[in-house]
Amino acid sequence: MPRPVEALIHREALAHNLRRARAAAPDTRLWAVVKANAYGHGIERAYPGLAGADGFALLDLAEAERVRALGWRGPVLLLEGVFEPRDLELCSRLGLQHAVHCSAQVDWLAAHKTGRAHHVHLKLNSGMNRLGFRPDEFRSAWARLAALPQVDAITLMTHFSDADGARGIAHQMTVFDAATRDLPGERSVANSAAILRHGAVAFDWVRAGILGYGSAPDFPEHDIAYWGLLPTMTLRTRVIGVQSLAPGDTVGYGSTFRAERPMRIGIAACGYADGYPRHCGTGTPVLVDGTRSGTVGRVSMDMLAVDLSALPQSGIGSEVTLWGRGPGTSVLPIDEVAHAAGTIGYELMCALAPRVPTRAVD
């Protein structure tokens, strides 16, 4: 039989989470963000659950082609814009909207010969200091774009750096309001954290990224239950071996764990080569047959150990949920595992290894 590790993509949970985004930011249109292969879920697997969105936002032309190949005829947005002038030809052919965040992209548009004018998203650097025109450059960039026959619509766009924390968005909204005052065009500012925490500033479009995939953007302050989100990815496996430990016995490479009492541990078929983080130490939460337990010792390439001491009924063949939905109604949010690894749920989703069999379920 195949190795028992697998990932499940819950399409009905994807649809639920998008409805939750709409409820948090009513009267707006919604981009479903599917960059990074739909945050590791697979664009093709996630598409049926996200098809209720008003548009798809993504990173590159290959992802855009995949969305179009699935039959999507609505808006598609390149969040970082084009990377070289010839990319504009495919934007014309596929009808893609694209961000403009620097003068070079304006120059490329000005030189682009097309019979189909482009819808662009002019990005303001309101304090994130990644991409975008600085406030003193923004209006002149808008004027250049507005004068081009290659451009037929300009959406005004920015991105928040602190929507998930105490600093909030007020400092960036002040910059955005001043830079865009009296300029025509739709506004797009709200990422997942802003949708949930500051929905009143959603404007015309919101960009639902991580919330769509069942991770809380402001964990550990709030978890997915607080925001009414559902896990969209489950990583699960089974126990393939059992060991009994005496006090003083160690577990795994480096002997980083030493038993202080008699213990019973299960060896589960999943490791860092499957995308489970090696940095997860002893006590990282897992579900064994739906009951919460924890890992023991260091994670190996293909295996990890879980504590069965309080689970006498569990043994070889028992289901181990590494994150997501367990048996019955049990749930282990991915954010808890990520927190134990010193990272965020985004990274765990995106790091799911290609060797893990993955299938969509309803």
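I looked up W31 to start, and it stands opposite G55 in β3. This is a predicted model, where local features need pLDDT of at least 70, side-chain atom pairs count only at pLDDT 80 or more, and totals for chains, interfaces and linings use all residues. Residues are numbered from 1 along each chain as its sequence is written, and side-chain values use heavy atoms, with hydrogens and water left out.

I noted that strand β2 (residues 29–33) runs parallel to β3, joined by three bridges; strands pair if DSSP finds at least two bridges between them. Strands here are DSSP runs (E, at least two residues) and helices likewise (H or I, at least four), numbered from the N terminus.

On the other pairing, I found three bridges between β3 and the parallel strand β4 (residues 76–78), with V76 as the bridge partner of F56.

Which way do the residues of β3 point? I see G55 and A57 pointing one way and F56 and L58 the other, and all are buried (under 20% relative accessible area with a 1.4 Å probe, protein chains only). In a regular strand the side chains alternate between the two faces of the sheet.

**The core.** I checked the largest nonpolar core, with 106 residues, and L145 and Y276 touch the most other members. Such a core is a set of buried Ala, Val, Leu, Ile, Met, Phe, Trp, Tyr and Cys residues joined through side-chain atoms within 4.5 Å. I also found a second, separate core of nine residues, including V251 and I267.

Methods: Buried means under 20% relative accessible area, exposed over 50%, partly exposed in between (1.4 Å probe, protein chains only).
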